Amino acid sequence: MDRVKKRNARKKTKRNALILTAAELLLVLTVAAGVCYAVYGQQAAVKKYDTSGCAYDEETVVVTLDAVTQESDSIQIWGWAISTEKDTEYFDSWVLLRAEESGEYFRIPTAVQTRTDVTEVLGNGEFNYDNSGFYAQVETKRLGQGSYEVCLAYNVHSDHVIQGTGVTVVID
(Lines give C-alpha, C1' and ligand atoms only; values in the text may rest on other atoms or scores of the structure.)
Protein backbone atom coordinates (compact mmCIF):
# COMPACT_ATOMS: atom_id res chain seq x y z
CA MET A 1 0.00 0.00 0.00
CA ASP A 2 2.84 2.41 0.81
CA ARG A 3 4.36 1.72 -2.60
CA VAL A 4 1.15 2.78 -4.32
CA LYS A 5 0.94 6.00 -2.25
CA LYS A 6 4.59 6.82 -2.97
CA ARG A 7 4.13 6.14 -6.69
CA ASN A 8 0.99 8.34 -6.78
CA ALA A 9 2.81 11.09 -4.86
CA ARG A 10 5.69 10.99 -7.37
CA LYS A 11 3.24 11.16 -10.28
CA LYS A 12 1.45 14.11 -8.68
CA THR A 13 4.79 15.91 -8.09
CA LYS A 14 5.82 15.33 -11.72
CA ARG A 15 2.39 16.49 -12.95
CA ASN A 16 2.66 19.68 -10.82
CA ALA A 17 6.18 20.28 -12.14
CA LEU A 18 4.88 19.96 -15.70
CA ILE A 19 2.02 22.35 -14.96
CA LEU A 20 4.48 24.90 -13.58
CA THR A 21 6.73 24.41 -16.59
CA ALA A 22 3.75 24.83 -18.91
CA ALA A 23 2.73 28.03 -17.10
CA GLU A 24 6.27 29.38 -17.39
CA LEU A 25 6.33 28.47 -21.08
CA LEU A 26 3.00 30.23 -21.59
CA LEU A 27 4.38 33.37 -19.94
CA VAL A 28 7.48 33.32 -22.16
CA LEU A 29 5.37 32.78 -25.28
CA THR A 30 3.01 35.60 -24.29
CA VAL A 31 5.90 38.03 -23.85
CA ALA A 32 7.49 36.88 -27.11
CA ALA A 33 4.18 37.30 -28.94
CA GLY A 34 3.85 40.82 -27.55
CA VAL A 35 7.31 41.78 -28.81
CA CYS A 36 6.63 40.18 -32.19
CA TYR A 37 3.35 42.07 -32.50
CA ALA A 38 4.96 45.32 -31.40
CA VAL A 39 7.61 45.06 -34.08
CA TYR A 40 6.49 42.67 -36.81
CA GLY A 41 2.72 42.97 -36.52
CA GLN A 42 2.74 46.72 -36.98
CA GLN A 43 4.63 46.83 -40.28
CA ALA A 44 1.81 48.89 -41.78
CA ALA A 45 2.17 51.34 -38.88
CA VAL A 46 4.87 53.40 -40.62
CA LYS A 47 3.49 56.92 -40.24
CA LYS A 48 4.64 60.45 -40.74
CA TYR A 49 5.76 61.92 -37.43
CA ASP A 50 5.01 65.53 -36.48
CA THR A 51 8.09 67.03 -34.83
CA SER A 52 6.48 70.32 -33.83
CA GLY A 53 6.80 70.79 -30.08
CA CYS A 54 9.92 68.62 -29.95
CA ALA A 55 13.29 69.94 -28.85
CA TYR A 56 16.76 68.96 -30.00
CA ASP A 57 18.87 68.20 -26.92
CA GLU A 58 22.29 66.71 -27.54
CA GLU A 59 23.56 67.65 -24.08
CA THR A 60 21.37 65.52 -21.82
CA VAL A 61 19.84 62.96 -24.19
CA VAL A 62 22.28 60.34 -25.40
CA VAL A 63 21.35 57.98 -28.26
CA THR A 64 23.63 55.13 -29.26
CA LEU A 65 23.05 52.69 -32.10
CA ASP A 66 24.48 49.23 -31.49
CA ALA A 67 23.67 47.97 -34.96
CA VAL A 68 21.85 48.94 -38.13
CA THR A 69 21.41 46.11 -40.60
CA GLN A 70 19.81 46.35 -43.97
CA GLU A 71 18.64 43.49 -46.12
CA SER A 72 16.92 43.70 -49.47
CA ASP A 73 13.47 43.83 -47.86
CA SER A 74 13.98 45.24 -44.34
CA ILE A 75 15.98 47.44 -42.00
CA GLN A 76 16.69 46.48 -38.37
CA ILE A 77 17.97 48.92 -35.74
CA TRP A 78 19.21 48.18 -32.20
CA GLY A 79 20.38 50.68 -29.62
CA TRP A 80 19.69 52.57 -26.43
CA ALA A 81 18.80 56.08 -25.33
CA ILE A 82 19.01 57.86 -21.96
CA SER A 83 18.65 61.22 -20.33
CA THR A 84 21.77 61.81 -18.26
CA GLU A 85 19.62 63.55 -15.66
CA LYS A 86 16.74 61.06 -15.16
CA ASP A 87 15.91 57.38 -14.74
CA THR A 88 14.46 55.53 -17.69
CA GLU A 89 11.55 54.00 -15.79
CA TYR A 90 9.64 53.39 -19.00
CA PHE A 91 10.47 53.75 -22.65
CA ASP A 92 7.89 55.55 -24.77
CA SER A 93 10.16 56.39 -27.66
CA TRP A 94 10.35 55.50 -31.32
CA VAL A 95 12.91 55.11 -34.02
CA LEU A 96 12.33 57.63 -36.78
CA LEU A 97 13.69 57.71 -40.30
CA ARG A 98 14.14 61.25 -41.66
CA ALA A 99 13.89 61.46 -45.46
CA GLU A 100 16.90 63.52 -46.44
CA GLU A 101 15.23 64.89 -49.58
CA SER A 102 11.96 66.09 -48.00
CA GLY A 103 12.96 66.38 -44.33
CA GLU A 104 9.87 64.40 -43.32
CA TYR A 105 10.11 62.02 -40.36
CA PHE A 106 8.62 58.52 -40.43
CA ARG A 107 7.91 56.61 -37.23
CA ILE A 108 8.67 52.91 -37.48
CA PRO A 109 7.59 50.07 -35.14
CA THR A 110 9.85 50.06 -32.07
CA ALA A 111 9.98 47.68 -29.08
CA VAL A 112 11.71 48.21 -25.74
CA GLN A 113 14.64 46.01 -24.76
CA THR A 114 16.02 45.62 -21.25
CA ARG A 115 19.58 46.98 -21.01
CA THR A 116 20.96 46.38 -17.52
CA ASP A 117 24.43 46.88 -19.00
CA VAL A 118 23.65 50.56 -19.63
CA THR A 119 22.65 51.01 -15.97
CA GLU A 120 25.80 49.20 -14.81
CA VAL A 121 28.13 51.35 -16.93
CA LEU A 122 26.41 54.75 -16.88
CA GLY A 123 24.03 54.73 -13.90
CA ASN A 124 26.76 55.48 -11.36
CA GLY A 125 24.54 53.94 -8.69
CA GLU A 126 22.25 56.94 -9.11
CA PHE A 127 20.15 56.24 -12.22
CA ASN A 128 18.28 53.20 -13.52
CA TYR A 129 18.57 52.87 -17.30
CA ASP A 130 17.34 49.25 -17.54
CA ASN A 131 14.48 50.23 -19.90
CA SER A 132 16.67 52.24 -22.26
CA GLY A 133 17.10 49.67 -25.03
CA PHE A 134 15.16 49.51 -28.26
CA TYR A 135 14.75 47.38 -31.38
CA ALA A 136 13.03 48.56 -34.53
CA GLN A 137 12.31 46.93 -37.85
CA VAL A 138 10.64 48.13 -41.00
CA GLU A 139 10.02 46.60 -44.39
CA THR A 140 11.68 48.75 -47.04
CA LYS A 141 8.57 48.55 -49.23
CA ARG A 142 6.80 50.70 -46.59
CA LEU A 143 9.12 53.60 -47.43
CA GLY A 144 9.97 55.26 -50.72
CA GLN A 145 13.36 55.13 -52.38
CA GLY A 146 15.93 57.52 -51.02
CA SER A 147 18.30 58.24 -48.15
CA TYR A 148 17.04 58.29 -44.57
CA GLU A 149 18.82 59.38 -41.41
CA VAL A 150 18.14 57.16 -38.38
CA CYS A 151 16.77 59.34 -35.55
CA LEU A 152 15.01 58.80 -32.26
CA ALA A 153 11.94 60.48 -30.77
CA TYR A 154 12.76 60.37 -27.04
CA ASN A 155 9.60 60.75 -24.97
CA VAL A 156 10.49 59.94 -21.38
CA HIS A 157 9.11 61.96 -18.46
CA SER A 158 8.31 65.39 -19.88
CA ASP A 159 11.14 65.26 -22.43
CA HIS A 160 10.05 65.28 -26.06
CA VAL A 161 13.31 65.28 -27.93
CA ILE A 162 14.29 64.40 -31.49
CA GLN A 163 17.83 63.15 -31.68
CA GLY A 164 19.68 62.45 -34.92
CA THR A 165 22.37 59.79 -35.11
CA GLY A 166 24.27 60.71 -38.24
CA VAL A 167 23.64 57.17 -39.57
CA THR A 168 22.03 56.96 -42.99
CA VAL A 169 20.31 54.07 -44.75
CA VAL A 170 19.65 54.09 -48.48
CA ILE A 171 16.69 52.36 -50.07
CA ASP A 172 17.07 51.69 -53.80
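**Figure 1. Arginine 115 and aspartate 66 meet through their side chains in a salt bridge, 2.5 Å from N to O.** The model shown here and in the other views is predicted. Arginine 115 sits in the loop between strand E6 (110–113) and helix H2 (116–122), and aspartate 66 sits in strand E2, so the pair ties together parts that are 49 residues apart in sequence. Arginine 115 is buried, at 13% relative accessible area. Aspartate 66 is partly exposed, at 42%. A salt bridge also links the side chains of arginine 115 and aspartate 117, with an N to O distance of 2.9 Å. Aspartate 117 has a relative accessible area of 34% and is partly exposed. Through shared partners, Asp66, Arg115 and Asp117 form one network of salt bridges.

**Figure 2. Lysine 48 and glutamate 104 form a salt bridge.** The structure has five salt bridges. In the pair of lysine 48 and glutamate 104, the closest N and O atoms are 2.9 Å apart. Lysine 48 belongs to strand E1 and glutamate 104 to the loop between E4 and E5, so the pair ties together parts that are 56 residues apart in sequence. Lysine 48 is exposed, with 58% relative accessibility. Glutamate 104 is partly exposed, with a relative accessible area of 31%.

**Figure 3. Tyrosine 49 and tryptophan 94 are both part of the aromatic pairing.** The count of aromatic pairs is four. For tyrosine 49 and tryptophan 94, the ring centres lie 5.8 Å apart and the planes stand at 55°, so the pair is tilted. Tyrosine 49 comes from strand E1 and tryptophan 94 from strand E4 (residues 94–99), so the pair ties together parts that are 45 residues apart in sequence. Is tyrosine 49 buried or exposed? Tyrosine 49 is buried, because its relative accessible area of 17% falls under the 20% cut-off. Tryptophan 94 is also counted as buried, at 16%.

**Figure 4. Phenylalanine 106 and tyrosine 148 make an edge-to-face pair.** Their ring centres are 6.4 Å apart and their planes are at 75°. Phenylalanine 106 lies in strand E5 (residues 105–108) and tyrosine 148 in strand E8 (residues 146–154), so parts 42 residues apart in sequence are tied together. Phenylalanine 106 counts as buried, at 15% relative accessibility. Tyrosine 148 counts as buried at 4%.

**Figure 5. Strand E3 (residues 74–83) pairs with E2 and with strand E7 (residues 133–139).** Nine of the 10 residues of E3 are buried, so the strand is largely enclosed by the rest of the structure. E2 and E3 run antiparallel and are joined by nine bridges. Glutamine 70 has isoleucine 75 of E3 as its bridge partner.

**Figure 6. Threonine 60 lies in the loop between strand E1 (47–49) and strand E2 (61–70).** Threonine 60 counts as buried, with 16% relative accessibility. Which residues does threonine 60 contact, leaving aside its neighbours within four places in sequence? The contacts are Ile82, Ser83, Thr84 and Glu85. Lysine 86 is 26 residues away from threonine 60 in sequence, and their C-alpha atoms are 9.3 Å apart.

**Figure 7. Cysteine 54 and cysteine 151 are buried.** The relative accessible area of cysteine 54 is 18%. For cysteine 151, the relative accessibility is 2%. The count of disulfides in the model is zero.

**Figure 8. The protein chain as a whole has two helices and nine strands.** Along the sequence, these elements follow the pattern α-β-β-β-β-β-β-α-β-β-β. The chain has 172 residues, of which 37% count as buried. Among contacts with a separation of 6 or more, 66% involve residues 24 or more positions apart. The accessible surface is about 10,400 Å², and carbon and sulfur atoms account for 52% of that surface.

Methods. Residues numbered from 1 in each chain as written. Predicted model: local features only at pLDDT ≥ 70, side-chain atom pairs only at ≥ 80, totals over all residues. Heavy atoms only, no water. Helix = DSSP H or I, 4+ residues; strand = E, 2+ residues; numbered from the N terminus. Buried < 20%, exposed > 50% of the residue type's maximum accessible area, 1.4 Å probe, protein only. Contact = heavy atoms within 4.5 Å. Areas by Shrake-Rupley, 256 points an atom, 1.4 Å probe, with all protein chains shown as cover. Phe/Tyr/Trp six-rings, centres within 6.5 Å; stacked < 30°, edge-to-face > 60°. Disulfide = S-S within 2.5 Å. Pairing = 2+ DSSP bridges. Salt bridge = Lys/Arg side-chain N within 4 Å of Asp/Glu carboxyl O.
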